[in-house]
Each structure stands twice: as structure tokens, then as C-alpha cells.
Amino acid sequence: MQTGSSTGLRRTPLYEQHLALGARIVPFAGWEMPVQYEGVIPEVKAVRTDAGVFDVSHMGEFEVEGPRATELLQATLSNDLDKIQPGQAQYTLLTNERGGIIDDLIAYRLEQFRYLLIVNAANREPDFAWLKEREIPGSDVRDASDSYALLAVQGPRAIERLGLPDAPQFTFAPGEIDGIECMVNRTGYTGESGCELLAMTEDAAELWDRVVEHGAVPCGLGARDTLRLEVCFPLHGNDITPETDAISAGLGWCCALEKEFSGSNELREVKARGPERKLVPFVMEEKAVPRQGMAIEGGGEVTSGTHSPMLDRGIGLGYVPAAGAALDTELSIDVRGKMRRARVVKRPIYKREETR
């Protein structure tokens, strides 16, 4: 079980490991989490060139089962679960009646009528309440988060270093690392190959130690945020929120609009008329680092921004009026009182062996 501290913040089962490795600990989503070890830049480069490991045990895990579990989830999640079989996973959205994004998550189909949902840490309680309120007879939603730890091992050599067999992305299977049993999920949040290891809480510390011994570099939340932004993966609370819709956010691809789910009518209407604004990736054309909340000339706003270690320039995501969202459109961003030029680019911002 995750422990508490005198600050009132929760701690993952790996808190002592982080301290022993000299991690800088910061508050995040109600948890004491490592933001960096050696530093964001070397940690990003480790994941892009070899392998890194992240403690993501603060994420929430829900078990949903019963003969009508699929029916419940089809009515509340945006994607179509009929497209996956046991042993497969799917990126999807939990949407409200307006089509707003309550959370983005991954659904794992364990058996025909049994699922695991891994949700964002900050949204664990509201997500659970939303699903629990919509339970139907023959379905049961259980918050099993305290039973599990989750380690993300990411990078081009991650699978090799762990000695795991190759497998397609968005699949999962039982496995083990040096005799420690875990569920090996071929998912991640960095744009690199790798896996997320779901283990019992009591096995977390030993599993972390074994993964590090295999050569994975300990990485913190700072590197994780930079890595996901380089490949344009949205961050809930920044790029997507209950007030933003999937079409405007460029996530229409994970919305099965041919079925009925919360907000599906509203999303069909947005798609039909075209969104008023769009979330676009951009790179800075001048030396500047964009940050969340900075104004984009013409009525836009930066939702995520940082310096990319791989491109050595400022990058970001932001909403702009749809008319100004085309590829190569020049943007002007107010960076601490000075207008700085940026340019709309294709997703992902970073690709291996490529510079912009």
C-alpha cells in the first residue's frame, strides 16, 4: 500500500529508492515524486538512446468486471473496446456529457468481461466516482490502485536490457524480471519502445533494483514531461481538460463516433462543423522557451512548453484559431513580455535521426 508522510502527501513504494539515489523530490498530484536524479537533459538522452526507468506507481488502477462490464465501458469511454481482444490494450478518453475530456487512459482487456483501466494520478478519485455512479447491474468497478506498483522502462534498448521477448505495441502478457512476476505492458508515454511493468506493491522495491541493475537509468517526472512533449502526447490538465473536446485536441482518432457514449452527439457536431480552435505543435524560431499560459497572438494560448534537449530549441503545444493551425503557419508568442516567433510543425515534433 502507498504510504503517507508528515506533509499529508502520499508516497509510492519506491520512495526510499528515490532518496537513496539522490532524487530531487517535489509535490505532484498529491504525491511526493522524483522530478530528477542526474538532471532532465541526461535523463531524456538516456531514454532516447538507451533505456530509462520511471516510477509511475502514483497512477490509478481500476478493475472493471462482470457480464455487462463491456456495456458500461462502451457507454463511458470514447474508443471502441470491441476492436481489442484479451491481451490487447487501447488508448481512450473518459468523456463528460459535453464531450469534454475527464481523463485520458489506457484500457487493458484482461478477459472477455474483465478490464484494467490505468488512469492519471490526479484524476483517480473523480474518474472512479464518475464510473461508479454509472455502474449498471452486471458490472462492478473497483479501485485497486493501492495493490499495484507501476514502472515504465522506456528506450530503444529497454526490452533488450530486460531480456524480454519482442511483442507488438499495445499488447500485454504475464512475465517476470529476475523471477519477480509482473504484467508486461507494451505501452508508454515517451514515444520510444519499451514497456510498463505492473507488479504487486510488495515487489516494487526489488523490481526497481533489478531493472536499474539491468542498466536502465533512473528518470524523473521532468524528463517524462519533456519526452512526451517532444512526441506530442497530451498532458491532462494542460493540453486536455474537461473543458476541451477531443476533436479540437486532435484526438478524434480515438473516438468511435459511430457508437453512443457520453458526449458523442456533441463531438459529432464539432466534427461536422469543424472546431473553432485546434491544438497544434510548434517549434520556436527564436531563442526562447515557451511555457503554459503564454499568449499566442491572434487569440491562442500555449498549453505545454519546454526546451527540447534533442532539438536544442523551444517546443510546445498550444490552441490557436482553426484558421491559423495549418502546417508551417508562423506564430508569435508572448514570452515574458517579448514577442517571439514560432512555427507550426507536424506531429511528432521529434523523430529519431531528424532535426527541424
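At 65% relative accessibility, does Arg336 count as buried or exposed?

Reply: The model is a predicted one. Arg336 counts as exposed, because its relative accessibility of 65% is over the 50% cut-off. This residue belongs to the loop that runs between strand 20 and strand 21. Its phi is positive, at about 55 degrees, although Arg336 is not a glycine. Most residues other than glycine have a negative phi, and most peptide bonds are trans.

Asp328 sits in the loop between strand 19 (313-321) and strand 20 (330-335). Its relative accessible area is 48%, so Asp328 is classed as partly exposed.

The peptide bonds also deserve attention. Arg347 and Pro348 are joined by a cis peptide bond, with omega at about -10 degrees. Pro348 is located in the segment that follows strand 21 (338-344).

Six strands form an open sheet in the order 12-13-14-11-5-15, and their pairing is mixed. Strand 12 (172-177) and strand 15 (217-219) are the edge strands, each pairing on one side only. From one strand to the next, the twist averages 30 degrees. In general, the strands of a sheet pair through backbone hydrogen bonds, either parallel or antiparallel. Here, strand 5 (residues 52-55) pairs with strand 15 in the parallel sense, over three bridges. Within that pairing, Val53 has Pro218 of strand 15 as its bridge partner.

The axes of helix 2 (residues 40-49) and helix 7 (residues 221-230) come within 9 Å and cross at roughly 55 degrees. Helix 2 and helix 7 are therefore oblique to each other, since that angle lies between the limit of 35 degrees for roughly parallel axes and the 65 degrees at which roughly perpendicular begins. The crossing of helix 2 and helix 7 is right-handed. On the side of helix 2, the contact involves Val40, Glu43, Val44, Val47 and Arg48. These meet Gly222, Ala223, Thr226, Leu227 and Glu230 in helix 7. Sorted by class, the contact of helix 2 with helix 7 comprises five nonpolar, two polar and three charged residues.

Note on methods
Residues are numbered from 1 along each chain as its sequence is written. This is a predicted model: local features need pLDDT of at least 70, side-chain atom pairs count only at pLDDT 80 or more; totals for chains, interfaces and linings use all residues. Side-chain values use heavy atoms; hydrogens and water are left out. Axes are lines fitted to C-alpha atoms, for helices over the stretch in contact, and angles run from 0 to 180 degrees between N-to-C directions. Helices (H or I, at least four residues) and strands (E, at least two) are DSSP runs, numbered from the N terminus. Angles under 35 degrees count as roughly parallel, over 145 as roughly antiparallel, 65 to 115 as roughly perpendicular and the rest as oblique. A crossing is left-handed if the near helix is turned anticlockwise from the far one by less than a right angle, and right-handed if clockwise. Contact means heavy atoms within 4.5 Å. Ala, Val, Leu, Ile, Met, Phe, Trp, Tyr, Cys and Pro count as nonpolar, Asp, Glu, Lys and Arg as charged, and the others, Gly among them, as polar. Two strands pair if DSSP finds at least two bridges between them. Buried means under 20% relative accessible area, exposed over 50%, partly exposed in between (1.4 Å probe, protein chains only).
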